[in-house]
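Me: Please walk me through this structure, one piece at a time.

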There are 2 protein chains.
Amino acid sequence: MPQTRRDFLKQVGIAGGAGVMLHSMGALGLSPAAAAETPPFTPPKPSDLARHGRKSVLILGGGIAGLTTAYELGKAGYRCTILEARERPGGRNWTVRGGSTETDLKGQTQRAAFSSGQYMNAGPGRLPQHHVTVDYCRELGVELETFVNQNADAYLYRTGSHNLAGQPIRHRAAKADVYGYVSELLAKATDQGALDTYLTQADKDALISFLRSFGSIGAKENGDPAASYKYTGGGRRGYAIEPGVTAGEPLSPYALSDVLASGIGNYFSFEFGFDQAMQMLQPVGGMDRIPYAFEKAIGRDKIEYGAEVSAFRNTSSGVEVEYSVGGRRTKKAKADFLVCTIPPHIAAKIPSNLPADVVSALAYARPTNAGKIGIEYDRRWWELDHKIYGGITNANNELGNMWYPSSGFHGKRGTMVGYYNTGGSANTYGALTPKERLAKAVAQGAEIHGPAYTKDVRSSFSVDWATAKHSEGAWVGWPSRTDGNYDKLLEPSGNVYFAGDHMSYTIAWQHGAMVSARSTVEALHNRVVAA
Amino acid sequence: MPQTRRDFLKQVGIAGGAGVMLHSMGALGLSPAAAAETPPFTPPKPSDLARHGRKSVLILGGGIAGLTTAYELGKAGYRCTILEARERPGGRNWTVRGGSTETDLKGQTQRAAFSSGQYMNAGPGRLPQHHVTVDYCRELGVELETFVNQNADAYLYRTGSHNLAGQPIRHRAAKADVYGYVSELLAKATDQGALDTYLTQADKDALISFLRSFGSIGAKENGDPAASYKYTGGGRRGYAIEPGVTAGEPLSPYALSDVLASGIGNYFSFEFGFDQAMQMLQPVGGMDRIPYAFEKAIGRDKIEYGAEVSAFRNTSSGVEVEYSVGGRRTKKAKADFLVCTIPPHIAAKIPSNLPADVVSALAYARPTNAGKIGIEYDRRWWELDHKIYGGITNANNELGNMWYPSSGFHGKRGTMVGYYNTGGSANTYGALTPKERLAKAVAQGAEIHGPAYTKDVRSSFSVDWATAKHSEGAWVGWPSRTDGNYDKLLEPSGNVYFAGDHMSYTIAWQHGAMVSARSTVEALHNRVVAA
């Protein structure tokens, strides 16, 4: 990407925001489509290779980064081979269905007994609209539907020593109270002149007008500051008696101090995140529709499954890899280039002739754990009893997040994500046997959802990413991005390139893996055509 | 509904919120399912009528209220006949598809040329999870999918004399800036003691902790109040350069005064509304799947289409109706009871022997206008160029709201709602010919979306509810609900009952029509069985 274009876009973006940005891109002759496809990517074309021959590339790992690499290089005429240790494509993009069998690093084997059509996305489960994952879904014909990442009728559940502890609270009620009190307080402070250093009279008028709508608060009561701009609840919270042919009776608000002490408002910013804000999407039928669509586009014969890499090295003319298939015989493969998409903390342990500083850069990545359980119910009680059609209940106990299914509404059965947790909570659940995980998840879930949570359980399947073979973690973090380790892996080491979501600023998302793969594809291809 | 139960629920609801409510309902022996189904409804049963015979009921209007009435009474064994002026069920629940033809009260005829599978819901277009409409969809087998009522990547567009005028602003950017500045201001006021009358130290600490997450603001800078808790933008707004293998460059925030003067924050509270908060739903394939499912359940032979009522009256033994079919011959029908679901301002004009105060109560309802245009495009440019997959762009010009389709993502074609406006804006558009409406909508839409909005238009269809035959308005309002007019219509006048969304506190929603119909069904049935 030419620096001048980046600088220009950055400049107009900073000065004028997205609107000006869009106009400026038009002025630059960039279509909005190109503008939206960031980071920009110029796919290599077969014609580029006319002078250079069909180079060969070995790709270690058939996760999203490896698949994207093989897909883009393959389209241009490179001879790609993916070596994948698992018996399926996708890596952490893994949809568990009835019959899925997995043995973890502790030797525990689970076999999923989900009914036909029921599944759990054990890895990634949602796509922001702006991710290139969505573009690949379009290109590969993977059908998309809405993923419900936010639901006003889902619950917030907070334990601790405060007055709202142990009480499931609908998001809508929490939001109404927090926004109501925030608005009341800021309107009072503004009206009483506490912010006159920062606000003109016009600002103050506009701010109070906003707050009255935002918080659904009362008007100014002249001569009575305490009574002014009062928040007293209202229909946004929900109703004790819903409106019918007679007026409804809204639920009354919680007290200000109770709301603040509970911390229920601290979850709201989740839904403002660049990558978490609704609208979000999911493939119809499971996230693994993406890797299987890649597999089809690349060619099944280009992927060797069950291939565990035992060594790789740069040679004078290219690269060489040793691997075993099904744990038995050792095979060798050679190619002009190698793209390693194996998780860095695992790649660092594989014998190679990479320089020590490259190996230590790989080992510098810190894996993080995450866990999920899918619980299939014979009755969609969350729809029938709670009127919840998708979305997330967030708890500050080890459950973390509980996902209600985003589709199949009113079906006979449904599969909830009973927990999606990270870090210490994931380790706590991960230390249990699959059977114990279900028992604990059901007990904790029943605190929020009542006894229905314990009934009609048909089957379950849990994943602990720290003990998942070939992953040994959910994703990684870099203690620093500015100390040279990360930058070192952005460059090839001889004929060996690195790619994966860990080589992006969108870690733990398929988008990051794709963006990294595309960057690697461009770098490799530029080197080939420059030769 | 026994008053004691209502009082009890109201009491626990007010004292403890939804959580306590749920527990109390359990304590009362009410299942959560029953709790959710409010207002409560006891459907009449065939066995109830054993002693009383199969009473006959004429229902004026085959909209949602009329269909619900016929469905519930029919299940219990009543002999129901619906007289519907249109040639289809649903009334304002109207899905326009290719071939749909309509002539308005000004004599203008439109014939929709939408492609196969494309449609516009001219009337209701979305369902909150808690509405009984959703229960009827389950009962009648109408498949549901998500309706996207909120999208961080849709735009806000504000004209006026302020610095953000005429610039499309992504919801996410507007939200980040408004929440950022609100948080900065409230944190400053709180920290500086301006709210010490209202907040304890613990409250203050919890509030500031919340605001730092909510607004993504900086920390306290000791000794420098102006620099403390600063909002300086960030990734929530979106990026000038998106993150890739290198860090992204977030778009910079707008200035505080510009944000406040623009009023862009005043739209946010829309999504907090009890009936508008996400998650929302829509029938797969069009909203009219609901009336057609009712028609099938009731029996096609129970509905006479094209039946325009010219008179109705109470008789000594029941009711009598005169109506014409296809504008030709006059027919008469008699029954034990009549349920009038015709819009009140139209019902008031039909000759009857209703008492003058009942007629004047009907005429007391004030119709409001609303308008919509469906524009089918041969290219889903909102997805391709803007990365918008459903949701609403809100403009403060006559367009009001623009809806991107909530499903069919990545399809060949798509149909946008180019405007959904009310009141004066609806009247402005309604005064134009259909051709002029499209031209104006496209010109105004292009201000927001750029030239793509003017290209690839395949067909369009617009509705102006004020000039829609048999509706003459989108919905009604009551100047007062406490002066006796509304209450009068809650009671039968002789053997004539009234129902419709106007007879509810959920006007303009199908839920209101259903709740009203169920209330009428209960009242009529209680009278029959008490006789």
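**Working chat**

Me: Before going on, what am I looking at?

Reply: This is a predicted model, in which local features need pLDDT of at least 70 and side-chain atom pairs count only at pLDDT 80 or more, while totals for chains, interfaces and linings use all residues; side-chain values use heavy atoms, with hydrogens and water left out. Residues are numbered from 1 along each chain as its sequence is written, and chains are lettered from A and ligands numbered from 1 in the order in which they are written.

Me: Fine. Where is Gln444(B) found, and is it buried or exposed?

Reply: Gln444(B) is part of helix H13 (residues 434-449) of chain B. Helices (H or I, at least four residues) and strands (E, at least two) are DSSP runs, numbered from the N terminus. Gln444(B) counts as buried, at 9% relative accessibility. Buried means under 20% relative accessible area, exposed over 50%, and partly exposed in between (1.4 Å probe, protein chains only).

Me: What about Ser462(B): where does it lie?

Reply: Ser462(B) lies in strand E24 (residues 457-464) of chain B. Ser462(B) is buried too, with a relative accessible area of 2%.

Me: And which residues is it in contact with, again leaving aside neighbours within four places?

Reply: Ser462(B) contacts Gln110(B), Lys372(B), Ile373(B), Tyr419(B), Pro434(B) and Arg437(B), with neighbours within four places in sequence left aside. Leu144(B) is 318 residues from Ser462(B) along the chain, and their C-alpha atoms are separated by 25 Å.

Me: Why do the copies count as meeting through the same surface?

Reply: Because 100% of the interface residues of chain B are also interface residues in chain A.

Me: Helix pairs next. At what angle do H3(A) and H4(A) pack?

Reply: Helix H3 (residues 64-75) and helix H4 (residues 132-140) of chain A pack at about 55°, with their axes 13 Å apart. Axes are lines fitted to C-alpha atoms, for helices over the stretch in contact, and angles run from 0 to 180 degrees between N-to-C directions. H3(A) is therefore oblique to H4(A). Under 35 degrees counts as roughly parallel, over 145 as roughly antiparallel, 65 to 115 as roughly perpendicular and the rest as oblique.

Me: Which residues make that contact?

Reply: Thr68(A), Tyr71(A), Glu72(A) and Lys75(A) of H3(A) make it with Tyr136(A), Glu139(A) and Leu140(A) of H4(A).

Me: And H4(B) with H15(B): what is the crossing angle?

Reply: Roughly 80°, with the axes of H4 (residues 132-140) and H15 (residues 510-530) of chain B coming within 8 Å. H4(B) and H15(B) are therefore roughly perpendicular to each other. Val132(B), Thr133(B) and Tyr136(B) of H4(B) meet Gln510(B), His511(B), Met514(B), Val515(B) and Arg518(B) of H15(B).

Me: Now the backbone. Which residues does a cis peptide bond join in chain A?

Reply: Met278(A) and Gln279(A), with omega about 5°. Gln279(A) sits in the loop between H7 and strand E13 (280-283) of chain A. In chain B, a cis peptide bond joins Met278(B) and Gln279(B), where omega is about 5°.

Me: What is the phi of Asp456(A)?

Reply: It is positive, about 60°, although Asp456(A) is not a glycine. Asp456(A) is in the loop between helix H13 (434-449) and strand E24 (457-464) of chain A. At 36% relative accessibility, Asp456(A) is partly exposed.

Me: And Lys387(B), what is its phi near?

Reply: Near 55°, a positive value in a residue other than glycine. Lys387(B) is in the loop between helix H11 (381-384) and strand E21 (391-395) of chain B. Lys387(B) is buried, with a relative accessible area of 6%.

Note on methods
Contact means heavy atoms within 4.5 Å.
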